[in-house]
Amino acid sequence: LDTNIFLSHLKFLDELKDTVIKGVGRPLLVVPWVVLQELDSLKTSRRRFPQMRASIAIRFLHSCFSASHPCVRGQTMDEVNTEVNNRAICNNDDRILHCCSVYQAKLKLKGQGTVILCSNDIQLCNKALVNGVKAVDWKTLVSELHVVPTTTCTTHTREFSAVDQTATKKFRRALSKAVEMEMMAYDEEWKEIVAVRPPWSLKDLLFLLQEHWREVFSPLLSRGGG
């Protein structure tokens, strides 16, 4: 798992760690050592949004590690120092790929399992694919595993279809503008870490309100009531 997945899709990971996937079983979520380091650095960031998301991710991982959750594992220092194919390691992308290679080698010895790198960084995915590691972004992972995150708004479809379409479009545009303005005020680089990038459907907007409620939108209502 890449760092950006912890920042943008933590609720999904919380569900995935306890999900039995048909034909696969329960997946093992592996956290590269460099991802732990990057989260540590982000928690002291001057940018409020990644700072808070990183802190929440760190607490999530602590709860998993302290409980010895069987499906959440961090890369150990011994694994970091394991040589694989004599590859040079020059940056953090290389360190994540090294982690993938270590676990590929372990699974090969057991004769079972597949390593999948999940990252929203397209170039990191490209590097992984070139080196024989399957790599997907979050949306593709959800699609391929046939897992529907409960945080995604999947209900009320019939109700929306019954609403006057013109009114729905006006509401979506107004809500989209409000969400974008508040996200911009919260962090100028919000598009890099927002859970769903624009353009947004009404379903996307409702999901964003839920996903980023604590950090972004609840202070807005506090100011309004103020």
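These legends walk through a few close-up views of one predicted model.

The model is predicted, so local features need pLDDT of at least 70, side-chain atom pairs count only at pLDDT 80 or more, and totals for chains, interfaces and linings use all residues. Residues are numbered from 1 along each chain as its sequence is written, and side-chain values use heavy atoms, leaving out hydrogens and water.

**View 1**
Helices (H or I, at least four residues) and strands (E, at least two) are DSSP runs, numbered from the N terminus. Of its 226 residues, 40% count as buried; buried means under 20% relative accessible area, exposed over 50%, and partly exposed in between (1.4 Å probe, protein chains only).

**View 1. His-69 in its loop.**
Look for His-69 in the loop between α4 (48-66) and β2 (72-74). His-69 counts as buried because its relative accessibility is 16%. Its side chain joins that of Asp-18 in a polar contact of 2.8 Å, and the side chain of His-69 also reaches the backbone nitrogen of Cys-71 at 3.0 Å. A polar contact is a pair of N or O atoms within 3.5 Å; within protein, one must be able to donate a hydrogen and the other to accept it, and residues adjacent in sequence count only if both atoms are side-chain atoms. Leaving aside neighbours within four places in sequence, His-69 is in contact (heavy atoms within 4.5 Å) with Lys-17, Asp-18, Arg-26 and Cys-64.

**View 2. Cysteines without a disulfide.**
A disulfide is a pair of cysteine sulfur atoms within 2.5 Å, and by this rule the count is zero. For Cys-64, the nearest cysteine sulfur is that of Cys-71, 9.9 Å away. Cys-64 is buried, at 2% relative accessibility, whereas Cys-90 is exposed, at 62%.

**View 3. The two sides of helix α8.**
In α8 (residues 138-145), the buried residues are Trp-138, Leu-141, Val-142 and Leu-145. They lie on the same side of α8 because they cover an arc of only 100 degrees around the axis, taken from the directions from the helix axis to the C-beta atoms. On the other side, Lys-139 and Ser-143 are exposed. The buried residues of α8 pack against α1 (3-8), α2 (10-16), β3 (116-118) and β4 (134-136).
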